[in-house]
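Keep the structure in view while reading.

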Amino acid sequence: MKVRVAHLNFYYGDFLALSDISMEILDRQITALIGPSGCGKSTFLRCLNRMNDTIPCTCAEGQILLDGVDINTPETDVVALRQRVGMVFQRPNPFPQSIFDNVAFGPRVLGTHRGAGLADVVEQSLRGAALWTEVKDELDHDALSLSLGQQQRLCIARAIAVQPEVILMDEPCSALDPIATLEIEELMQRLKENYCIVIVTHNMQQAARVSDWTGFFWLGELVEFGATETVFTRPQHQLTEDYITGRAG
Amino acid sequence: MPREMFERELQRLQDELIALGSMVENAIIESVEILRRRDMEGARQLIAQDREINKRRFAIEEDALVLIATQQPMASDLRVIAAVLEISTELERMGDYAKGIATINLMIGEEPLIKPLIDVPRMARKARDMLHQALEAFTRGDIELARSIPPLDREVDALYDQVYRELLTYIIADPKKIEQANQLLWVAHNLERTADRVINICERVVFTVTGELAEMSDGEPGISGTN
């Protein structure tokens, strides 16, 4: 198990956005989080690398253990945490720099590689994100000249360049066309051989297609968590059934 | 109701299945009645009617596939559609059994029956009643009703054994009757298989409601084999 969440509460000011969430997230598996807008799934995702810290007046209670170590303590080095737990966002957000510099950004900041070593990391990361063959001859081109689907894979390459252990994906395909979406989904299947992946998605068919485990959130609570094939064929809770069959939410 | 159109289509699919079921129920009873009356024209009509059953079953299959492709059904909706596909296949095969009985009637031709048909019409009525109840259970999602049907198959099996033994005595008494006795045994066999297939429908009812796929049986071994 990579991440164990126990009795997590999360507040925006007085508003309880997540209530008593417990979940075990396995390594080298894809865990999908589904639920209607405002149900808390993205808030939960951002708890896993403390991205919510950047929002004022927020507060988390309970435990989130990464490899058995609580990440919600004052001693936690948040920069190191986010290196271990990377994130890919809804809209591709490459820096207005070259393709090479985008991927090299993290290793440069962390000072882990330079020179030929850095070029290797960039190549490996682009290969890992299934983008290398498309961009290998234009690494000095502006990243913003790529298609949206390529930009999103570039962001994934940028995320894996710092050799994270967990990759969080917040609706990574919602800005992409169907073909680019399928390319990201294929990529996720390859990435899961090396990483623990957690994805928030509005697209239930996507959750059903790509994930091993599915959690269904509703009004800040985790209603159901189980193997994807069970959740989508024989959900245990009526609310899950109503949501995935399109009768609630 | 957010998925009104889908709900309507799903209901229509189930209505089509029940309509197909009614045709098959009639075919089961009619096939034996036609044999009893020695009605050759009726037999030909029933054989023609089986083509209509096959056509409707394909139409149901097509509609079900369109719903899956266009609506991405999940959970219980998906199970209903999967069950409709399975049940429509069972109904089509039951229609074939009825057609088989009509064909046997034509094969026996003008020759009088070697014995009056008593247990065979009983088998047909019981198989028809079982089918009717199974479709009722499907429509209502009633798993208790579905579970109460397989034990009734024992009565059909018992009648089959009785017909078998009786026909044996005819064969022993007069070897000239072997051919027709054999044909009548096929009639009984088709009805026995019809009842077996009803049990498969009951399994689908339980699957639709609970998501559990489990084999049901009448609980007794017999010469009629498994379902």
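Predicted model: local features only at pLDDT ≥ 70, side-chain atom pairs only at ≥ 80, totals over all residues.

## Helices H3 and H4 of chain B

The crossing of H3(B) past H4(B) is left-handed.

Which residues meet here? From H3(B) come B:Val80, B:Ala83, B:Val84, B:Ile87, B:Leu91 and B:Met94. They meet B:Leu131, B:Leu135 and B:Phe138 in H4(B). By class, this contact has 9 nonpolar residues, no polar and no charged.

## Helices H1 and H7 of chain B

Helix H1 (residues 4-37) of chain B packs with helix H7 (residues 178-210) of chain B at about 165 degrees. Their axes lie 12 Å apart. That angle makes H1(B) roughly antiparallel to H7(B). H1(B) passes H7(B) in a left-handed crossing.

On the H1(B) side are B:Ile28, B:Val32 and B:Leu35. They meet B:Leu184, B:Val187, B:Leu191 and B:Thr194 of H7(B). The contact holds 6 nonpolar residues, 1 polar and no charged.

## The largest pocket

The largest pocket has a volume of about 550 Å³. It is lined by 20 residues. Closest to its centre are A:Arg82, A:Met87, A:Phe105, A:Arg158 and A:Val162.

Several elements of chain A each give at least two lining residues: helix H2 (78-84), strand E6 (85-88), helix H3 (99-110) and helix H6 (148-160). The lining divides into 13 nonpolar, 5 polar and 2 charged residues.

Key: Residues numbered from 1 in each chain as written. Chains lettered and ligands numbered in written order. Heavy atoms only, no water. Left-handed = near helix turned anticlockwise from the far one by under 90°. Helix = DSSP H or I, 4+ residues; strand = E, 2+ residues; numbered from the N terminus. Contact = heavy atoms within 4.5 Å. Nonpolar A, V, L, I, M, F, W, Y, C, P; charged D, E, K, R; others polar. 1 Å grid on protein atoms, 1.4 Å probe; cavity = no way out; pocket = protein on both sides within 12 Å on 5 of 7 lines; lining within 4 Å. Points joined across faces, edges and corners; volume = space filled by probe spheres on them. Axes fitted to C-alpha atoms, helices over the stretch in contact; angles between N-to-C directions. Parallel < 35°, antiparallel > 145°, perpendicular 65-115°, else oblique.
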